[in-house]
Amino acid sequence: MHADSISEYRVRNRVTVKILLVINWFNGGGIDNYVLDFLKHYDRIRHQVDVLCVGGVVGKNATVATNAGARVFHVPKSGWLPLYQRRLIDFFRKHSYDLVCAHLNEMSGSVLEAAKLSGIAQRAAVMHSTQAGSLLSWESKPVLRTIRRHFISGQVEKIRQSGTAFVSVGGAVQAYFMTLVPPDDCPHEIIYLGKTLPTKAIVT
């Protein structure tokens with residue numbers, strides 16, 4: 001859909017907020033079920049919610065999202081990170097969202113950085129699990145584990161620098177996320193378990 005068509009859609013349907021949810025794909029996992037549940041309850045008149053899949057495929061359950069009123073787009077990850085980020089920037093600038101919400105755990109960094117460079121004002125990272133941290137323990141070769149840890153650290157730093165809100169789902173994820181983005185070291189809003197806390201709040 002072209003920019004003019006999007007503007008006409010917003011006027012015709014009185015859309016006030018354009019939201020983009022970023023996931024890997026619709027493969028029936030926990031994160032996409034979380035997104036699909038959200039799509040069943042949002043206000044379609046006041047909000048336009050799209051979904052961007054960045055995995056190799058869109059996934060078998062994408063039709064469920066479109067039936068719920070969302071538009072589904074696909075910008076697959078490239079083996080070369082700068083090319084992937086360039087594609088994201090082009091996509092964001094074309095569609096002009098008010099909020100980009102990345103549901104990619106620690107891997108949300110590149111998405112939020114691209115959104116920031118595209119001028120999107122609100123950029124949120126949502127942590128659903130500690131998957132990337134677990135991947136480190138699964139990697140048996142020390143060299144590969146070091147490379148993976150370095151990459152994850154880079155993504156986390158991008159989240160810290162480019163995110164405007166951080167959301168954790170579940171107590172274990174909350175504790176893990178706080179080790180990645182400590183409240184005392186973060187200039188942005190932090191949300192744990194749906195509760196907004198001051199930047200330097202101590203969560204018990």
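## Basis and terms

Contact means heavy atoms within 4.5 Å. The model is predicted: local features need pLDDT of at least 70, side-chain atom pairs count only at pLDDT 80 or more, and totals for chains, interfaces and linings use all residues. Residues are numbered from 1 along each chain as its sequence is written, and side-chain values use heavy atoms, with hydrogens and water left out.

## Overall make-up

The protein chain has 8 helices and 8 strands. These are DSSP runs, numbered from the N terminus: helices are H or I with at least four residues, strands are E with at least two. Among contacts with a separation of 6 or more, 61% join residues 24 or more positions apart.

Of the 204 residues, 43% are buried. Buried means under 20% relative accessible area, exposed over 50%, and partly exposed in between (1.4 Å probe, protein chains only). The accessible surface of the chain is about 10,600 Å², and carbon and sulfur atoms account for 57% of it. Areas come from the Shrake-Rupley method with a 1.4 Å probe; for residues, only the protein chains shown count as cover.

## Helix H4

H4 spans residues 81-95, 15 residues in total. From first C-alpha to last it reaches 21 Å, close to the expected 21 Å. That expectation is 1.5 Å times one less than the number of residues. Ser96 follows the helix, with a positive phi near 55°.

Which residues of H4 are buried? They are Tyr84, Gln85, Leu88, Ile89, Phe91, Phe92 and His95. Seen down the axis, they fall within an arc of 165°, so they line one face of H4. The arc is taken over directions from the helix axis to the C-beta atoms.

## Nonpolar cores

A nonpolar core is a set of buried Ala, Val, Leu, Ile, Met, Phe, Trp, Tyr and Cys residues joined through side-chain atoms within 4.5 Å. The largest has 23 residues. Val22, Leu52, Leu88, Phe92, Val100 and Val111 have the most contacts inside it. Strand E1 (17-23), H4, strand E4 (99-102) and helix H5 (109-117) each give two or more residues to this core. H4 gives the largest share, 5 residues.

Beyond its neighbours within four places in sequence, Val100 contacts residues including Leu20, Val22, Phe92, Val111 and Ala124. A second, separate core of 21 residues includes Ile19, Phe26, Leu39 and Cys53.

## Cysteines

The whole structure holds 0 disulfides, a disulfide being a pair of cysteine sulfur atoms within 2.5 Å. Cys53 is buried at 0% relative accessible area. Cys101 is also buried, at 11%.
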